[in-house]
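Open your viewer and get ready to click along. We will select one piece after another and see what is there.

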Number of protein chains: 4
Amino acid sequence: MLKIGLLGAGRIGTVHAKTISSHPGSTLVVVSDVNMDAAGNLAAQYGAEARSTEAILGDAAIDAVLIATSTDTHSDLIERATAAGKAVLCEKPVDLSLARAQACLKAVAGKTVMIGFNRRFDPNFAAVKAAADRGEIGKTELLSVTSFDPAPPPVSYIKVSGGLFRDMMIHDFDMAMWLMGAVPEKVTAVGSSIVDPAIGAAGDVDTAVVTLHFAGGRIAVIRNSRRAVYGYDQRLELLGSEGLLSAGNMIENTVSKATLAGVISAKPEFFFLERYMRAYAAEWTAFVEAVKHRGSCAGDARGRG
Amino acid sequence: MLKIGLLGAGRIGTVHAKTISSHPGSTLVVVSDVNMDAAGNLAAQYGAEARSTEAILGDAAIDAVLIATSTDTHSDLIERATAAGKAVLCEKPVDLSLARAQACLKAVAGKTVMIGFNRRFDPNFAAVKAAADRGEIGKTELLSVTSFDPAPPPVSYIKVSGGLFRDMMIHDFDMAMWLMGAVPEKVTAVGSSIVDPAIGAAGDVDTAVVTLHFAGGRIAVIRNSRRAVYGYDQRLELLGSEGLLSAGNMIENTVSKATLAGVISAKPEFFFLERYMRAYAAEWTAFVEAVKHRGSCAGDARGRG
Amino acid sequence: MLKIGLLGAGRIGTVHAKTISSHPGSTLVVVSDVNMDAAGNLAAQYGAEARSTEAILGDAAIDAVLIATSTDTHSDLIERATAAGKAVLCEKPVDLSLARAQACLKAVAGKTVMIGFNRRFDPNFAAVKAAADRGEIGKTELLSVTSFDPAPPPVSYIKVSGGLFRDMMIHDFDMAMWLMGAVPEKVTAVGSSIVDPAIGAAGDVDTAVVTLHFAGGRIAVIRNSRRAVYGYDQRLELLGSEGLLSAGNMIENTVSKATLAGVISAKPEFFFLERYMRAYAAEWTAFVEAVKHRGSCAGDARGRG
Amino acid sequence: MLKIGLLGAGRIGTVHAKTISSHPGSTLVVVSDVNMDAAGNLAAQYGAEARSTEAILGDAAIDAVLIATSTDTHSDLIERATAAGKAVLCEKPVDLSLARAQACLKAVAGKTVMIGFNRRFDPNFAAVKAAADRGEIGKTELLSVTSFDPAPPPVSYIKVSGGLFRDMMIHDFDMAMWLMGAVPEKVTAVGSSIVDPAIGAAGDVDTAVVTLHFAGGRIAVIRNSRRAVYGYDQRLELLGSEGLLSAGNMIENTVSKATLAGVISAKPEFFFLERYMRAYAAEWTAFVEAVKHRGSCAGDARGRG
């Protein structure tokens, strides 16, 4: 049974606390947060304790930590935790500075570190990957990733997030490299702020299309929008020499209603907590397996880690 | 080039006039109707002449007639036309009297007579039949036919139509016998008038479920309603030992709209002229082929004729 | 926190043990089974104890029992448990004897007893019910329930199950009465054994169509087969004066693959544990609420109990 | 009744001959082709005559010509025909030289000239346009056009076609400008030859992604591939501030088959003749209307012309 320390008791930390506790191979032992009340409340729900991050990293009984703190603390915490002998699952991104992220990668060489790219564990996307890897559509040629949020975040969040490309499209970059099994050679990007002028005023875009050009001429195109009022739109299509694989949205229910006005059916699951609920659990399972088998889960665009 | 006489210039006669004229192997030569103006107008559109039914049947140059007159004239016209050496395609039903229909069947033995069960020629239903005949779902066990009209006809029509079973479900009986390749041994029927009380007052039902029990225990169930406000609902499902074949509605277009209110898509094609447009053309082609090859197109539940 | 005793540690008992333990308002305290090892193993997984049924019913600290034992024990256990002051959630059926079931109903008058008709709690069917109750399709007229199992059970099970109507279609009878908000006045049934001759030899059918005729002429039709090789086929359609509500299958994933061979997509969730996983949790929540508020959950075709 | 001369009796000319003849407001009078036999055969099918292009343009009885000749003759024929007082419907493209196309545009100012961008007349795409114009998804922000051919043309065709952008994506550029109601300000293009190396050797690409940037920050992205083995893949999606409009493929039939292997359904209609059959008829109707009302059908990105 892995003993887990959770760093960060916010929204995503709360999701992970449940996942850690529900897994038969892990137990949530301790939680830290800059807000000690938040840490205490979350810990209490799972029979864990609230302690300082320092205390957690210094406790030899803790096998692994899950880092769900604010972005600016990620690279430091990854390095400190690995130095303390802990396996690490850290939420994306590693750092808003590329140089800092690269330094971190170097520092953790040989350690068990996994970054929380949960979408690889979505059952739908994983089925596409598996089918492509089995050669079911021949040689892969053109990937399209659609990723629209239901509503833009507050501008205060935009300002610290690193912007659409590092905060939101980072997941789609991961999907593209994972599905294409390669790192792109060329990138073109088009973006604009048409959803919310305040986002543009903050120096960010809210609508963007990026194309990735891979060796051999294969192409991926990513579409992002901060607003799709009908729900969280998460789809992908992979065209190959022998066919097309598509993964659609998971919808709220299977009910349709036919009336004079047309045939109306349910919307996509609202947002990431609903849509990727199963992905978080599968991600955690993969991490537990990696820790058990001392594998590495980071830095490899070619597979699950 | 087959020379065709059309008996009846009403709604369905008008559909057939176009189909006859568009076919490369047939030409519309002459039209009759109790309303000579209607016959004249329709004939004029296709460069044909209006003449009396008697004249048409007596004209040796006419190869075949299409009977699209009122129901009470069908059995007589079938017998007169075949006696005059014409091949016949006649709209359903043969007669509201079972005895009269059976007498007619006897009278036309050996002649080329086809009854207008157009649904066998719908590309969707035909694809189900072909797949089942190829054994793609193993042994067929349970058939379900859904057939809902968009709106009930006027009660004046109900009164002369022969009622729901002989006017509307007759198509579904044909589908069931054609798809199951057999005639049922037992029938149970449940019906009620809940759509329009005036239909009940006229002695008919507007909603009905009929089960057909075939030799060996295979079952078909037919659902009819005179009202499906969202359009003409024409579907079927065939369960076999190795799978399920389903034929869905043809819809008005492939557009969907996702908004806060849900995802809305198009309705089924409105009614039989839209839905079965291609079926009418395929039916006519089958008739032309049958005439050319002196085949018989009636009285056989096991195939297309 | 409700203290729960679980009677029966078989397949369905195992499902309930997890649901009881995951619910924030209930805790699994004790488990019994005719096989004491099975009871012990299941209890151990949830920090509960294994004891005899007698001991459980005699323990004043137990608030409620979940009866998941073999069918022939249900009516007795319901009566003993309610007499001992426990709230009861019992798996269907109450008894294979109608007279015994009616006697049991009389014996528990005024007590909190719920029978495990879990499908009412399926999010898809519940959405249909809610929409119909809101009048979204006007007056309901014709209900169709499709319920096909993926594969027939062993004949040994058939022999003790009470047969297709009492074991399998009982769920669909519940759905029909719940959705139509009424008890039928007339029933017609057609059945045959075409899936497995051994089922017929055991005196049961494996394929059946039943129509229910409600007051005012409304109709429901239920289709059952013990074999749909593509998975657990659980759908319903409700036609009303202003539209049609349909609930479809939940499918394994949203992936489709288009190749020369056609477009292939995932099958329905395999069987009831997968399909109705969420329904079991929602059912348990409803029971916990009913116990808290001393409601009755049985014997009412008109609502959730 | 408009009297029509058809210039070009190849594949697309044959399609138009049928459409012209079927329309109640037009009649095919005369056909020309560099291959006089081809012209003669096609003319004979519709009771028309074969004559030289010169003779057709010089015949005052001809109201309009449809130009379906090889690309390199388009701009000259458009100018000669309009100079001779004929209304013109010409297949795309006007010319492979931009300068020549612009000169042609200038030369035909005030004349009735329509270029054959038939996709605007596809009922599905037209429904998207109509819904967007009615404001059903608010302000339009991000358009995606998917256009994959089922199989690449022979390299001999590639060499004279002008290449993927001028031969194939030209339709999608038209769709984008029509749907967005504007001309883009910036264009980025990524392309490669991965379907067939011979296409690359001929200097063309077979897979491409193009983004169009419109004033105000609106974006369109177009995906093209010369090979989608499952059929002609023609879809579009338009994201707006209040929702998403999607137009899907038209499929061969509505049949699906569920077996152990999954659920298999029909492929998209194979190629443009099948998919856009109705679009060609609607296009011709629009042209006939324009000629009758002396409208202009070219050079306007903002509507049907």
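**Before you click**

This is a predicted model, in which local features need pLDDT of at least 70 and side-chain atom pairs count only at pLDDT 80 or more, while totals for chains, interfaces and linings use all residues. Residues are numbered from 1 along each chain as its sequence is written, and chains are lettered from A, with ligands numbered from 1, in the order in which they are written.

**Stop 1: a sheet in chain A**

Select the strands β1 to β6 of chain A: these six form an open, parallel sheet, in the order β3-β2-β1-β4-β5-β6. Helices (H or I, at least four residues) and strands (E, at least two) are DSSP runs, numbered from the N terminus. Two strands pair if DSSP finds at least two bridges between them.

Which strands stand at the edges? They are β3 (49–50) and β6 (113–115) of chain A; each has a single partner strand, so one side of each lacks a neighbour in the sheet.

Next, pick β1 (residues 2–7) and β4 (residues 64–67) of chain A, parallel strands joined by four bridges. Here A:L7 stands opposite A:I67.

**Stop 2: an enclosed strand in chain C**

Select β7 (residues 140–148) of chain C. Nine of its nine residues are buried (20 or more other C-beta atoms, placed from the backbone, within 10 Å of a residue's own), so β7(C) is largely enclosed by the rest of the structure.

What pairs with β7(C) in the antiparallel sense? Strand β11 (residues 233–240) of chain C does, through eight bridges, and there C:L143 has C:L238 as its bridge partner. Strand β10 (residues 219–225) of chain C runs parallel to β7(C), with seven bridges, and C:L143 stands opposite C:A220 there.

**Stop 3: chains B and D**

Show both chains: 23 residues of chain B are in contact with 23 of chain D (C-beta atoms, placed from the backbone, within 7 Å). On chain B, α6 (123–133), β12 (243–247) and β13 (255–259) each supply at least two residues of this side.

Finally, zoom in on β12(B) and β13 (residues 255–259) of chain D, which pair antiparallel over four bridges; B:S246 has D:S256 as its bridge partner.

Notes
Buried ≥ 20, exposed ≤ 12 C-beta atoms within 10 Å, placed from the backbone. Contact = placed C-beta atoms within 7 Å.
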